Every structure is written in structure tokens, then in C-alpha cells.
Amino acid sequence: MSTFVNHPAISPISSNHWLLSRLKHQMSKHPSLIIGVDFDNTIRSTDGTYYQDVINLVIKAYKQGHTICIWTANKFPLEVQADLALLGIHYDYFNDSPLPGWDSRKPHFNILLDDIAGLNEAYNTLNHLLDI
């Protein structure tokens, strides 16, 4: 049986007004945000624990019409996709860019949920934006 806990990098007291302003500006120009989501240690820890708060946020963003891009270096992408399906996480792109003709090795996101790329700020700012 899987264990679900809140991600240890997320604190409810953090807020980034600059990032929130940028995301609001993007949403005024485009119908949806492009949200990059890492899998390992962001949705599921290496010991198999799932981070319920991150899962809920990704599901909420998708339901609100935002573009979800799962990016992972996991050596078993089919298992990751099966996990995502079991968790009810829908996505638009898997290790692929949503921008046609995007000629860069760097993927394009408006915001990235990643355990080593400022997850606390990104999570809290996106969560706040989706609740507005």
C-alpha cells in the first residue's frame, strides 16, 4: 500500500509576489500556463511515498485548463506514466515541449514544480494563483 504525505519542502507561509505578478501577466496574454512538473522526489519520493499536496495541485491546474508537462529523467518512463494514471494525474506532454518549432534543449515552462528548483515558492505561488 502506498503512503501519501505532504512534501517536506513546502511551507504554507511562503509567497512570491513577483512570480505571482508574472504568472498573472502570462495568463492575461495566453489561455493557459505551461506548467512543468518533475516526477522523482516531486510527485513520488525514492522510497515510494507520494506527495499528496503536489499531486492535488497538478490535478487542480489541469482541471482549470492549464498545460501540464511531465519531465523526468526516470529510467522507466512507462512505469512513471502508469503511476501518473493511477494517481489521476492527467498531462498534455511527457518529456516533450508544448511549443511547435521550439528549437532549444531547454524546455519552456511558465512555472516548474521540481524538488531542486524552488518547489516551495513555485508550489505556493501557483496554489495561490489557482485559488484567485
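Which strands does helix α4 (residues 119–131) lie across, and at about what angle to β6 does it run? I looked this up in a predicted model, where local features need pLDDT of at least 70, side-chain atom pairs count only at pLDDT 80 or more, and totals for chains, interfaces and linings use all residues. Residues are numbered from 1 along each chain as its sequence is written, and side-chain values use heavy atoms, with hydrogens and water left out.

**Sheet.** I took helices (H or I, at least four residues) and strands (E, at least two) as DSSP runs, numbered from the N terminus. I find four strands in an open sheet, ordered β5-β4-β2-β6, with parallel pairing. Pairing needs at least two DSSP bridges between two strands. β5 (93–94) and β6 (111–113) are at the edges with a single partner strand each, so one side of each has no neighbour in the sheet. I then checked β2 (residues 34–38): three bridges join β2 to β6. Ile 35 is opposite Ile 111 in β6.

**Helix on sheet.** My opening entry is settled: α4 lies across β2 and β6, at about 115° to β6. Axes are lines fitted to C-alpha atoms, for helices over the stretch in contact, and angles run from 0 to 180 degrees between N-to-C directions. Contact means heavy atoms within 4.5 Å.

**Helix on helix.** I next looked at α1 (residues 17–29): the axes of α1 and α4 come within 10 Å and cross at roughly 50°. The crossing is right-handed (near helix turned clockwise from the far one by less than a right angle). On the α1 side I list Leu 19, Leu 20, Leu 23, Lys 24 and Met 27. On the α4 side I list Glu 121, Ala 122, Thr 125, His 128 and Leu 129.
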